[in-house]
Amino acid sequence: MVLYPMTRSKRMQSVQHLAHNREQDAVRKLGESQQYLAAQQTKLQELRAYRDEYAKAFESSGGAGLDALRIQEYRAFLGRLNQAIQQQESLISQCSARHEQTRQQWLVTRSHSQAIDKVLERYRQQERQQEERREQRELDERAGRSFDD
């Protein structure tokens, strides 16, 4: 029995496995980032819709029968809603920037993983060619011995 040393492709498989794990982790983080961003955008839409409903309800009543205190409370509440909307817009801006960073990180890990896949495939192809040449040499030697006999 002939023992062959571990091939480059076999040694590279652990590196490939690690790169694929990192890529999958980056994909997971990207998905979580996208979900969080979408949730914050939904929250912003809800805040805007609530503010618009509240303002329409006040306008449709025409402020009829409301004293100065009620009008002042309405304006203060509308101001707080607008402030909450601005804060949510700011949060979305920050989330978008973080999401883009996460996306860029995923692209880097994906590119790295693909590069390792290409190297590994090239190693395997070289090993197949070497094995084919070795087998051909053996066949040629056998044929030469048969011819000499």
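Author: Helices here are DSSP runs of H or I with at least four residues, and strands are runs of E with at least two, both numbered from the N terminus. Glu89 has its place in helix 2. The model is a predicted one, in which local features need pLDDT of at least 70 and side-chain atom pairs count only at pLDDT 80 or more, while totals for chains, interfaces and linings use all residues. Residues are numbered from 1 along each chain as its sequence is written, and side-chain values use heavy atoms, with hydrogens and water left out.

Reader: Why is Glu89 called partly exposed?

Author: Buried means under 20% relative accessible area and exposed means over 50%, with partly exposed in between (1.4 Å probe, protein chains only). Glu89 has a relative accessibility of 32%, so Glu89 counts as partly exposed.

Reader: What makes the link between Glu89 and Arg48 a polar contact?

Author: The term requires a pair of N or O atoms within 3.5 Å; within protein, one must be able to donate a hydrogen and the other to accept it, and residues adjacent in sequence count only if both atoms are side-chain atoms. The side chains of Glu89 and Arg48 are joined at 2.4 Å, and by this definition the pair therefore qualifies. Leaving aside residues up to four places away in sequence, Glu89 touches Leu44 and Arg48, where contact means heavy atoms within 4.5 Å.

Reader: Why is the pair of Tyr50 and Phe77 called edge-to-face?

Author: Rings of Phe, Tyr and Trp (its six-membered ring) pair if their centres lie within 6.5 Å, and planes under 30 degrees apart count as stacked, over 60 as edge-to-face and the rest as tilted. With centres 6.2 Å apart and planes at 90 degrees, the rings of Tyr50 and Phe77 are therefore an edge-to-face pair. This pair links distant parts of the chain, since Tyr50 lies in helix 1 (residues 8–61) and Phe77 in helix 2, 27 residues apart.

Reader: What makes the pair of Tyr54 and Phe77 edge-to-face?

Author: The centres of these two rings, Tyr54 and Phe77, are 4.8 Å apart and their planes stand at 70 degrees, so this pair is edge-to-face. Tyr54 is in helix 1 and Phe77 in helix 2, so the pair ties together parts that are 23 residues apart in sequence.

Reader: How are Tyr54 and Phe77 classed by relative accessible area?

Author: Tyr54 is partly exposed at 27%, and Phe77 is partly exposed at 25%. Both residues belong to one aromatic cluster, formed by Tyr50, Tyr54, Phe58, Tyr74 and Phe77.
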